[in-house]
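Dear colleague,

Please read the notes with the structure open beside them.

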Amino acid sequence: QVQLVESGGGSVQTGGSLRLSCLVSGSIDNMQVMDWYRQPPGKQRELVAEFIRGTLNANYADSVKGRFTISRDNAKNTMYLQMNSLKPDDTAVYFCHVIRSYMNYWGKGTLVTVSS
């Protein structure tokens, strides 16, 4: 069983920055996929950024390219999402998600609110 705990959400003004963290129970070395999703109010959950095992580069949603950066620290079993130049449209609950041994695991989410 893998447990994920997000932190770092909060309220910021347009143009501000936040860094989200996702602490994973156990090693993240063998994760097939590690990614961040978000769910804006009244909308469906959408992929924000991801690492896929065996590929060199991360993938990003067009809406966040150049503003968000996904990273990971294997020694700390932690994944991050650095969010810069935040916009009101970035307001959402952000979830971390991993796939290990073809099983999906989700965190409970952390709320990010961006005010204009």
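Strand β9 pairs in antiparallel fashion with strand β11 (residues 110-115), and three bridges join the two; in this pairing, tyrosine 94 has threonine 110 of β11 as its bridge partner. Please keep in mind that this is a predicted model, in which local features need pLDDT of at least 70, side-chain atom pairs count only at pLDDT 80 or more, and totals for chains, interfaces and linings use all residues. Residues are numbered from 1 along each chain as its sequence is written, and side-chain values use heavy atoms, with hydrogens and water left out.

As for the terms, strands are DSSP runs (E, at least two residues) numbered from the N terminus, and two strands count as paired if DSSP finds at least two bridges between them.

β9 also pairs with strand β4 (residues 33-39), again antiparallel, through seven bridges, and here glutamine 39 has valine 93 of β9 as its bridge partner. Four bridges link β9 (residues 92-100) to strand β10 (residues 103-106), and these two run antiparallel as well, with arginine 100 standing opposite methionine 103 of β10. The two strands form a hairpin with two residues between them, and serine 101 in the turn has a positive phi of about 50°. Seven of the nine residues of β9 are buried (under 20% relative accessible area, with a 1.4 Å probe and protein chains only), so β9 is largely enclosed by the rest of the structure.

There is also an open sheet of four strands, in the order β1-β3-β8-β7, with antiparallel pairing. Because β1 (4-7) and β7 (68-73) stand at its edges, each with a single partner strand, one side of each is left without a neighbour in the sheet. Neighbouring strands of this sheet are turned by 15° against each other on average, direction ignored, where the axes are lines fitted to C-alpha atoms. Within the sheet, six bridges join β3 (residues 18-24) to β8 (residues 78-83), and cysteine 22 stands opposite methionine 79 of β8.

With best wishes

Methods
Axes fitted to C-alpha atoms, helices over the stretch in contact; angles between N-to-C directions. Buried < 20%, exposed > 50% of the residue type's maximum accessible area, 1.4 Å probe, protein only.
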